[in-house]
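Biologist: I would like to learn how to read a structure like this one. Could you take me through a few features, please?

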Amino acid sequence: MLGGAGVLLGVAAGPAQAAEVSYATECIPPSISGLPPVQGTTKVEITAPAEAKVGDEVEIVWKFVQAASKNPDILDLEKDTVQPTGTLKAAGAQTADVAMEGPRQNPPIPKNSDMKLSDMKGKLKLTAPGEVSLTPDAYNINVNKPISTDTKCSPKETVKPAATIKVTDGGGTSGGTTGGLPTVVPTLPTSVPTGLPTGSSSPTPTPSESETGGGSSSGTGGGGGGQTDFTGKEVQVPYECKTPIGDKNATSPVQINAKKDGGSFGLTVQFKKSVMDSPADIPKDSVKPSMEVVLGGADTGTVHVEGPTNPEAIKAGDPIEIPDLTGTYKPGASGESTLSPGVLTIEALGTTTTCTPAKTEVSLILDTTEQEGGASGGSSSGGGSSSGGTTPDGGLAETGADDQSTLKALGLVAGTALLLGGAVFTFMPGRRLR
């Protein structure tokens, strides 16, 4: 009786087997990151039946005992934002690529902690008798907030089979091998691709011919009648943006135009050139730019101008461009007043990115007449609230996210990286935001 019980126990345990295998892995961050490939070690446990028959469709489970890397010290990943997919190689009696997929289920993953990937599952229909080995291969890590990004990981060595299924024509005999494979303690690189790229450098635009021209408008300006439209010169603005991964500098061409309306002026700030393709999908209505135009000469203070959010989603490969920024300048002094590009702020999906000019250059000069409640000594009241202003040494005060914010002010203009929750994309200024 005891012997029979032992046989029954053996039969009950036979259908399932689990074995681990470790292999050197290279993970490629999204192209938007600018990061080099990351080398690490993946440790996988494969569970499959030890024995099955021809015609059976068996389920295989891929468990990540250890992903190739940790979540970097950049930001926390939210609950249920990470999904793994991968390929399992079947060989021997039959050859097949088994598609594996896990649910988008994960606990919150803090910065600088181990990645937590869900178990992946796949099915294989057995077509021939003999032994079928199961070997883990490449896999992908998708992070879906705030934009979808993929990190692709592939073996950098020949991977040993993690399990073998013995396939019979009929009842067959019990058995199967688990391989008895040794495991390797994973190496955890300090830099992790998990859809968490960092910034990239950008080219400096070629100065335009207008840069050598004058910035003064013609006409009566804010005085009496006459000219109502005033075109500023295009100036090259060197922006300085501070990011958690280092300072980023980039130069962008900007032009300020004005249209007189009574004693006030409607301002339009245009970003020109320096347009590049989007390296990732950007959701509709997720990006909103604004600027503080700096006043000088007779007048002082700033004027707030802003642009619309992107009316349509921007697909990867499509141009990313900053739209025209508009606002109203109500003069606070009479005389010759100057307007220069100032602090640029981008709000996107709950984050704020602020870039400050290293120096200011006048784009437009207007003849102005003081208006009650005008801008002199403070912010213009026509274009909404403004931030910033000038510092005692003549530089621009920084605005936007402070050092204690969850996401610090990140470089944006002309190739500076913008960190949005779980992903980073490169953003460069231009004439329109699609």
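This is a predicted model: local features need pLDDT of at least 70, side-chain atom pairs count only at pLDDT 80 or more; totals for chains, interfaces and linings use all residues.

Biologist: Where does Ser 113 lie, and what does it touch?

Modeller: Ser 113 lies in strand E8, which covers residues 113–114. Leaving aside residues up to four places away in sequence, Ser 113 touches Lys 70 and Asn 71. There is also a polar atom of the Ser 113 side chain 2.6 Å from the backbone oxygen of Pro 110.

Biologist: Now the disulfides: how many does a search of the whole structure find?

Modeller: First the general idea: a disulfide is a covalent bond between the sulfur atoms of two cysteines. Here the search finds 1. The disulfide joins Cys 27 to Cys 153, with an S to S distance of 2.1 Å. Cys 27 sits in strand E1 (residues 17–28) and Cys 153 in strand E11 (residues 149–155), so the pair ties together parts 126 residues apart in sequence. The link is right-handed, with 110° about the S-S bond, and both cysteines, Cys 27 and Cys 153, are buried.

Biologist: And the whole protein: how many helices and strands does it have?

Modeller: The protein has 1 helix and 27 strands. Of its 434 residues, 48% count as buried. Among contacts with a separation of 6 or more, 73% come from residues 24 or more positions apart. The protein exposes about 18,700 Å², and carbon and sulfur atoms supply 50% of that area.

Technical notes: Residues are numbered from 1 along each chain as its sequence is written. Side-chain values use heavy atoms; hydrogens and water are left out. Helices (H or I, at least four residues) and strands (E, at least two) are DSSP runs, numbered from the N terminus. Buried means under 20% relative accessible area, exposed over 50%, partly exposed in between (1.4 Å probe, protein chains only). Contact means heavy atoms within 4.5 Å. Accessible areas come from the Shrake-Rupley method with a 1.4 Å probe; for residues, only the protein chains shown count as cover. A disulfide is a pair of cysteine sulfur atoms within 2.5 Å. A polar contact is a pair of N or O atoms within 3.5 Å; within protein, one must be able to donate a hydrogen and the other to accept it, and residues adjacent in sequence count only if both atoms are side-chain atoms.
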